[in-house]
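I opened the notebook to work through this chain piece by piece.

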Amino acid sequence: MARYFDVHPENPQRRAIGQVVDILREDGLIAYPTDSCFALGCQLGNKDGIDRIRSIRKLDDRHHFTLVCQDFAQLGQFVHVDNAVFRAIKASTPGSYTFILPATKEVPRRLMHAKKKTVGVRIPDHVVTQALLGELGEPLLSSTLLLPDQEEPMTQGWDIKERLEHVVDAVIDSGECGVEPTTVIDFSSGEPEIVRHGAGDPSRFE
């Protein structure tokens, strides 16, 4: 049965954030809001959590998981970024973008794209997500909360709790979330390629 946390969108209660992080550290899987839409998240080493995300979303091994990072210092531990790419990403973050980049050895192999050895990374512009990442002290392994029988992501925390309470361990609700996933930019070849048009303005990468 998932625990439900009603969190203030601008001043997240530290006690609630701490309790969610405790759940994550005990190999829990959470549903949480971001600056684009709700996401499923767990710790990097949580194999059961990763399997549960795959099961909930019916994903195959070609799916790019995303490492949701607090800042550039964290992001730089998990992906290789040259100077030109760094400047392009820096100008667009924090924000509703996911960047696909070559993964470092810090990224578990099962999280990488099977052939390309790449991983998605992002730095969200969302108070609650940032509070969560700050307390956790590491990236959240995440995937958009888009169920296989739905065309758009779920937007209401209570609805997510009702629908997924037996397959996630916690739901954070800080108000209605958007329905548009991030804009995805693939920088793995060094040049930007727009993989998905979403919440972030793609024009700067065209």
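**Entry 1: E176.** I looked up E176 and found it in the loop between β8 and β9 (183-186). The model is a predicted one. Is E176 buried or exposed? I read a relative accessible area of 61%, so E176 counts as exposed. I then listed its contacts, leaving out residues up to four places away in sequence. E176 touches T155 and Q156. I also took a C-alpha distance to M154, which is 22 residues away along the chain. That distance is 9.4 Å.

**Entry 2: the whole chain.** I counted elements next. The protein chain has six helices and ten strands. I checked the radius of gyration and got 16 Å, close to the 17 Å of the globule rule for 206 residues, so the chain is as compact as a globular protein of that length. The C-alpha trace spans about 45 × 35 × 35 Å along its principal axes. I asked how much of the chain is buried. The value is 55% of the 206 residues.

Residues 24 or more positions apart make up 65% of them. The accessible surface came out at about 9,800 Å². Carbon and sulfur atoms hold 45% of that surface. For charges, I had 23 positive and 31 negative. Their mean positions lie 7 Å apart.

**Entry 3: helix α5.** I went through residues 127-136, which form α5. Which of them are buried? I noted V128, T129, L132, L133 and L136. Their arc around the axis is only 135 degrees, so they sit on the same side of α5. The general rule I kept in mind is that an α-helix has 3.6 residues a turn, so residues three or four places apart point the same way.

What covers these buried residues? I found that the cover includes α1 (14-25), β2 (30-32), β4 (66-68), β7 (140-144) and β8 (170-173). I also looked just past the end of α5. There G137 takes a positive phi of about 80 degrees.

**Entry 4: T34.** I placed T34 in the loop between β2 and β3 (39-42). Its relative accessible area is 5%, so T34 counts as buried. I skipped neighbours within four places in sequence and listed the rest. T34 is in contact with A39, R122, H126, T129 and C177. One of these, T129, is also among the buried residues of α5.

**Entry 5: I53.** I found I53 in helix α2 (residues 47-57). Its relative accessibility is 0%, so I53 counts as buried. What does I53 touch, beyond residues up to four places away in sequence? I listed L29, L40, C42, K58, L59, F65, L141 and S143. I then compared sequence and space for I53 and P153. They are 100 residues apart in sequence and 14 Å apart from C-alpha to C-alpha.

**Entry 6: Y4.** I placed Y4 in strand β1 (residues 3-6). Y4 is partly exposed, at a relative accessible area of 36%. Not counting residues up to four places away in sequence, Y4 touches G157, W158, K161, V171 and D173. I took the C-alpha distance to D173 and got 7.5 Å. In sequence, Y4 and D173 are 169 residues apart.

**Entry 7: backbone checks.** I searched for backbone angles to flag.

- D27 has phi near 65 degrees, a positive value in a residue other than glycine. I found D27 in the loop between α1 and β2. D27 is partly exposed, at 43% relative accessible area.
- K117 has phi near 60 degrees, also positive and also not a glycine. K117 lies in the loop between β5 and β6 (118-122). At 32% relative accessibility, K117 is partly exposed.
- The peptide bond from T93 to P94 is cis, with omega near 0 degrees. I placed P94 in the loop between α4 (83-90) and β5 (97-102).

Note on methods
Residues numbered from 1 in each chain as written. Predicted model: local features only at pLDDT ≥ 70, side-chain atom pairs only at ≥ 80, totals over all residues. Heavy atoms only, no water. Helix = DSSP H or I, 4+ residues; strand = E, 2+ residues; numbered from the N terminus. Rg over C-alpha atoms; globule rule 2.2 N^0.38 Å. Buried < 20%, exposed > 50% of the residue type's maximum accessible area, 1.4 Å probe, protein only. Contact = heavy atoms within 4.5 Å. Areas by Shrake-Rupley, 256 points an atom, 1.4 Å probe, with all protein chains shown as cover. Lys, Arg positive; Asp, Glu negative; His and termini not counted. Charge placed at Lys NZ, Arg CZ, Asp CG, Glu CD. Arc of directions from axis to C-beta.
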